[in-house]
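Trainee: I'm new to this one. Could you walk me through how to read it, feature by feature?

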Amino acid sequence: MLHIFCDICIKAIDIGMRLNTHFDKTRWKFLITSFKEQTGHAFTKTQLKNKWDGCKKDWRIWNKLVSETGVGWNSELGTISASDEWWKQKIQEIRGAKKFRHVGIEPSLKNKFDRMYSNIVATGEGINMSSSSNTKSGGKKKARDPYEVRGKKKKTYGIGVQLLSRCNQLLESMSTKSDSTSVYMDCEGCSIREVMAELHSIPGVSIEDEFHDFATEYLSLRRKREMWASMGDKQQKLRWLQRMYACTKRA
């Protein structure tokens, strides 16, 4: 879904919908509508804006890491190929670098981030987002990068990071919850209606017992319904679900 979100943003940028460094209310409505049409997930402007800002933060940190001489993407590791000593140093120097130690931004996604953010240049108290140069321009000193060195950020920035992190967690949580209700993403035979109809057709299953109550809640998640569909015939599916029920009882 992140790639879809990026593709929609890039399309909006390419057709001139970003007026300066951001989308206005009308343009965000286009992003919201397009995202819902392509994924079936209905997110608010605030949720998608938080995702935009979070990706921009990650992109800037990642650019600092990959700009180092002698390092590059390693497809087997899924991140930068560098020594433990190098990583230890960068984690100390660059706030936020630790999250990329084992999982980086793969090249195709970075290319999309480049198109989304590399031409953004903020003014005033903002930060130069251009990837072209670190030199002074027009006699004005470039604003200090708040991600660069620990201990040199504004005091209020830590609060902003915490809020952004919390919003990203909320967005992921909303995605998981919407997974149970959106029919757009269901594989054939994995919708709630289809799975419950199959369960009810199995002899011995009663809607009056506690096991059925467990099943209605457990199978409300799409990934559980997909697992159900992969278990074989009805009796194999029932035995699997009974084992899951037994596990929750023991817990």
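Mentor: Happy to. Let's begin with the surface: the chain exposes about 15400 Å², and carbon and sulfur atoms supply 52% of that. Keep in mind that this is a predicted model.

Trainee: What share of the residues counts as buried?

Mentor: Of the chain's 251 residues, 36% count as buried. A residue gets that label when its relative accessible area is under 20%.

Trainee: How many helices and strands does the chain have, and what pattern do they follow along the sequence?

Mentor: There are 10 helices and two strands. Read along the sequence, the pattern is α-α-α-β-β-α-α-α-α-α-α-α. For contacts, look at pairs of residues at least 6 apart in sequence: 63% of those contacts join residues at least 24 apart.

Trainee: Next, cysteines. How many disulfides does a search of the whole structure find?

Mentor: The general idea comes before the count: a disulfide is a covalent bond between the sulfur atoms of two cysteines. Here, a search of the whole structure finds zero disulfides. Take Cys 9: the nearest cysteine sulfur is that of Cys 6, 6.5 Å away, and Cys 9 is in no disulfide. Cys 55 is in no disulfide either, its nearest cysteine sulfur being that of Cys 6 at 5.4 Å. The cut-off to hold these distances against is 2.5 Å between the two sulfur atoms.

Trainee: And are those two cysteines buried or exposed?

Mentor: Cys 9 is buried, with a relative accessible area of 0%. Cys 55 counts as buried too, at 4% relative accessibility.

Trainee: Now helix pairs. At what angle do the axes of H2 and H3 cross?

Mentor: Helix H2 covers residues 25-39 and helix H3 covers residues 45-66; their axes come within 10 Å and cross at roughly 95°. Angles from 65 to 115 degrees count as roughly perpendicular, so H2 and H3 are roughly perpendicular to each other. On the H2 side, the contact is made by Trp 28, Leu 31, Ile 32 and Phe 35, and on the H3 side by Lys 45, Leu 48, Lys 49 and Trp 52.

Trainee: Let me pick Trp 28 out of that list. Which residues is Trp 28 in contact with, leaving aside its neighbours within four places in sequence?

Mentor: Those are Phe 23, Lys 45, Leu 48, Lys 49 and Trp 52. Trp 28 is found in helix H2 and counts as buried at 2% relative accessibility.

Trainee: Which residues are buried in H7?

Mentor: In helix H7, residues 192-200, the buried ones are Val 195, Met 196, Glu 198 and Leu 199. Their arc, seen down the axis of H7, is 155°, so they line one face of that helix.

Trainee: And which are the buried residues of H8?

Mentor: Helix H8 runs over residues 210-218, and its buried residues are Phe 211, His 212, Phe 214, Ala 215 and Tyr 218. They fall within an arc of 155° about the axis of H8, so they too line one face. Glu 210, also in H8, is partly exposed at 47% relative accessible area. The C-alpha atoms of Glu 210 and Tyr 245 are separated by 9.6 Å, though the residues are 35 apart along the chain.

Trainee: What about the loops on either side of H7? Where do Ser 191 and Ser 201 lie?

Mentor: Ser 191 lies in the loop between helix H6 (157-178) and H7, and Ser 201 is in the loop between H7 and H8. Ser 191 is buried, with a relative accessible area of 15%, whereas Ser 201 is partly exposed at 37%. From C-alpha to C-alpha, Ser 191 is 9.5 Å from Leu 219, 28 residues apart in sequence. Ser 201 and Lys 234 are 33 residues apart in sequence and 8.9 Å apart in space, again C-alpha to C-alpha.

Terms used:
Residues numbered from 1 in each chain as written. Predicted model: local features only at pLDDT ≥ 70, side-chain atom pairs only at ≥ 80, totals over all residues. Heavy atoms only, no water. Buried < 20%, exposed > 50% of the residue type's maximum accessible area, 1.4 Å probe, protein only. Helix = DSSP H or I, 4+ residues; strand = E, 2+ residues; numbered from the N terminus. Arc of directions from axis to C-beta. Contact = heavy atoms within 4.5 Å. Areas by Shrake-Rupley, 256 points an atom, 1.4 Å probe, with all protein chains shown as cover. Axes fitted to C-alpha atoms, helices over the stretch in contact; angles between N-to-C directions. Parallel < 35°, antiparallel > 145°, perpendicular 65-115°, else oblique.
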